[in-house]
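Please look over the complex shown here.

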Amino acid sequence: MALFKKILLFSVVSLTSSVVHSGWDALNMPKGVSLISNEVYDLHMIILWICVAIGVVVFGAMAWSIFMHRKSRGYKPATFHESTKLEVVWTVIPFLILVLMCIPATKTLIKMYDYSNAEITIKVTGYQWLWQYEYLESGVSFYSNLKTSYDEIYNKKEKNINYLQEVDNNLVLPINKKVRFLITSNDVLHAWWIPDLALKSDAIPGFINELSTTILETGVYRGKCAELCGRSHGFMPIVIEAVDDKTFEDWLASKKGDTNLANR
Amino acid sequence: MSSAVEDHHEDHPSGLMRWITTTNHKDIGTLYLWFSLIMFFIGGFMALIIRTELFQPGLQFVDPQFFNSMTTMHALVMIFGVVMPAFTGLANWLIPMMVGGPDMALPRMNNMSFWILPFAFAMLLSTLFMDGGAPAGGWTLYPPLSLQTGDAFPFLIFAIHFMGLSSIMGAINVIATILNMRAPGMNLMKMPLFVWTWLITAFLLIAVMPVLAGGVTMLLTDKFFETSFFNAAGGGDPVMFQHIFWFFGHPEVYILILPSFGVVSSIIPTFARKPLFGYSSMVYATASIAFLSFIVWAHHMFTVGIPLAGELFFMFATMLIAVPTGVKVFNWVSTMWRGSMTFETPMLFAIGFIIMFTIGGFSGLMLAIVPADFQYHDTYFVVAHFHYVLVPGSIFAIMAACYYWLPKWTGYMYSEGLGKIHFWLSTIFVNLTFFPMHFVGLAGMPRRIPDYSLQFADYNMIASIGAFGFGFAQLIFVYIVFKCMRSGEKATDEVWEGAEGLEWTLPSPPPYHSFSTPPNIK
């Protein structure tokens, strides 16, 4: 158990650092870099360990029975076949465990649904097969396409470390500021997903979904489209570059009036 | 085989006409099971195309559009062409024998409900050769993407209509048989659990197949007759399709698993030589699961933007399913407890079912936690989850059932040694295939992608190796079945030492019409 925990911990640490590993580390959910993503990670680990504990008890009883109560050992079968008391016990106990689990899950969910007091609003639009980002307050708007070359995809060139998770225009965001996203689509369903921020929402034509987050650390966070959207569904990644306030303001100023970006 | 008095009843055409015109529950059961096995290899072949492309990062073998067709068709074939027909086949063979009746209640409809299927699947599979390719929008058919399908679209919709028709007729037949054909004294609470689970499954089928038919018909009119049910630009709602689909889809997943519960509840007591623990609680648990299946559909769509109150309701309702499901697992373990167990192939598959279905249940419980589901949704974690409940779940239960009743059906014992090899290879490879998918899913790999970034490479390679191993291991099963049809040790009437139930009082193989005179029920 301790070793398993260590392995999990190691993988989490290595995944959340901005270095991308190839290898056996792609093992668990990232802890991420927002308060919410940390809470989600904790929920995930709590329910995982609850399942492991129940599994140990149930499979343990089964294993004991399989090794001890076998005909080849000459074990004579018992004849009992019902017990209302037991049925009540194993209905009520799991029910109570679930109620306990619901409490933190509900708390976190309520926090996730609070989109109020955001300082920056970004409209995210999915297209087959790219993303458009619009900074609603400042009017900056641009498209974000996959940057990986066809040669890499078709195995004519060695794949770089950010294979299929690099774009031409990163979504640049400031840290420690609440950002609200308005997610929609211009054609079919897409889903905008950043694992490190525990953000995922379907992009639906004609509808606008909301998400919000406060990023706590600078870095580059990579995500992917998570709803089947046709031929190039696997080829429309999302890259967020989280920077400090000053860098962000400079970047935003440089983008204002840059009409090249608005063209696809 | 049967007494002289009954011989004139066995008059039937021979050769191909026997199978086309048959109204006999055993013949139709056999047809269903063979159909299912053939489809299992077709759907499995598609899975191997998927796993071949995913063996390494990069695009090596197929076009991404064709890859999407493979994931879509693999799902449709496996759900509607393998698991559902296999269970209907088992129902046909077993329900009349288990309740002490001569045949199914509606034999002509029985013939029709089977023979629709080959045509439906010929239509579905023919789309692979059409302009624009086979459907590639996922088996969930979400618009607007599914409306981008080419010439295949109307064929897909009509194929689904026919599959639905077949299932509804099969379900009506099962209900009519169980309610009307029981021998005197076989009251409802004496029925074997396989009969009970199928009765409940049949009601689920009748309730939800028309909902699917309605949903896909609306897709059809959106595509060809300018309606806007799911088109936001015309005042429609793309999310409404998802609600309709999953109102069908969630009961559907229990349609795929409840008969497995019945199979396992028959096999465990036999090889534990001890009666099933908590028979009545098993019946109530099954009924509760069926009821809950109607009020949890939106847990498949937690990320579409449901209001907070909706998310909470569907989270609580979903978690509640763990309670009756847990009761079933605890009852099976208690049945094994202090039994006198032997481990023939059906028992091995049944124990494998309990353990691996429970693992799938655990990941299901995790998926119910909405904040965490935002991370799991549409990743390989979900792929791992539903394959754990469907492959070492439903498919293992079907395998267990085949090994358990094969000697009764053919009159010969199958090869126990080969059966055990089949079990162990299947178990090792199924875990090698699907367990690593939990990891890559959690680490951020979305489902339904033909290519992936480098951090997912190692586990995908393992999964692909496992998939090929699992696929080839199933050829052993085909060999065992063929061998068991014509040779082997003669099976006794009871077949298994601890077997209880009316089907074991008939000869092996049983007469063409199961019980011409009702048996005495103690």
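The sections below go through the predicted model topic by topic.

## Confidence

This is a predicted model, and the predictor gives the complex an ipTM of 0.92 and a pTM of 0.93. In chain B the average pLDDT is 95, and 98% of the residues score at least 70.

Residues 1-7 of chain B have a pLDDT below 50. Beyond near neighbours in sequence, this stretch of chain B has eight contacts in the model. Where pLDDT is low, the predicted coordinates should not be read in detail.

## The contact between chains A and B

Chain A and chain B each bring 80 residues to the contact. On the side of chain A that touches chain B, α2 (35-68), α3 (84-112), β7 (199-203) and β9 (219-225) of chain A each supply at least two residues. Sorted by class, that side of chain A holds 46 nonpolar, 22 polar and 12 charged residues.

## The five-stranded sheet of chain A

An open sheet of five strands in chain A has the order β4-β10-β9-β6-β7, with mixed pairing. Its edges are β4 (171-174) and β7 of chain A; each has a single partner strand, so one side of each is left without a neighbour in the sheet. On average, neighbouring strands of this sheet are turned by 25 degrees against each other, with direction ignored.

Within the sheet, strand β6 (residues 190-194) of chain A runs antiparallel to β9(A), and two bridges join them. A:Trp193 has A:Lys224 of β9(A) opposite. Helix α5 (residues 245-255) of chain A lies across β4 and β10 (238-243) of chain A, and α5 runs at about 135 degrees to β4(A).

Strand β1 (residues 120-127) and strand β5 (residues 178-185) of chain A run parallel and are joined by seven bridges. A:Gly126 has A:Ser185 in β5(A) as its bridge partner.

β5(A) also pairs with strand β8 (residues 209-214) of chain A, in the antiparallel sense and over six bridges. Here A:Ile183 is bridged to A:Asn209 in β8(A).

## Helices α2 and α4 of chain B

In chain B, helix α2 (residues 25-53) packs with helix α4 (residues 107-126) at an angle of about 20 degrees, and their axes are 10 Å apart. That angle makes α2(B) roughly parallel to α4(B). The crossing of α2(B) with α4(B) is left-handed.

From α2(B), the contact uses B:His25, B:Ile28, B:Leu31, B:Tyr32, B:Phe35 and B:Met39. From α4(B), the contact uses B:Asn110, B:Asn111, B:Phe114, B:Leu117, B:Pro118 and B:Phe121. By class, the residues of this contact are nine nonpolar, three polar and no charged.

## Helices α14 and α15 of chain B

Helix α14 (residues 416-442) and helix α15 (residues 457-486) of chain B cross at roughly 155 degrees, and their axes come within 8 Å. Angles over 145 degrees count as roughly antiparallel, and α14(B) and α15(B) are therefore roughly antiparallel to each other. Their crossing is left-handed.

The residues in the contact of α14(B) with α15(B) comprise 20 nonpolar, seven polar and no charged.

Terms used
Residues are numbered from 1 along each chain as its sequence is written. Chains are lettered from A and ligands numbered from 1 in the order in which they are written. This is a predicted model: local features need pLDDT of at least 70, side-chain atom pairs count only at pLDDT 80 or more; totals for chains, interfaces and linings use all residues. Two residues are in contact if their C-beta atoms, placed from the backbone, lie within 7 Å. Helices (H or I, at least four residues) and strands (E, at least two) are DSSP runs, numbered from the N terminus. Ala, Val, Leu, Ile, Met, Phe, Trp, Tyr, Cys and Pro count as nonpolar, Asp, Glu, Lys and Arg as charged, and the others, Gly among them, as polar. Two strands pair if DSSP finds at least two bridges between them. Axes are lines fitted to C-alpha atoms, for helices over the stretch in contact, and angles run from 0 to 180 degrees between N-to-C directions. pLDDT is the predictor's confidence in each residue, from 0 to 100. Angles under 35 degrees count as roughly parallel, over 145 as roughly antiparallel, 65 to 115 as roughly perpendicular and the rest as oblique. A crossing is left-handed if the near helix is turned anticlockwise from the far one by less than a right angle, and right-handed if clockwise.
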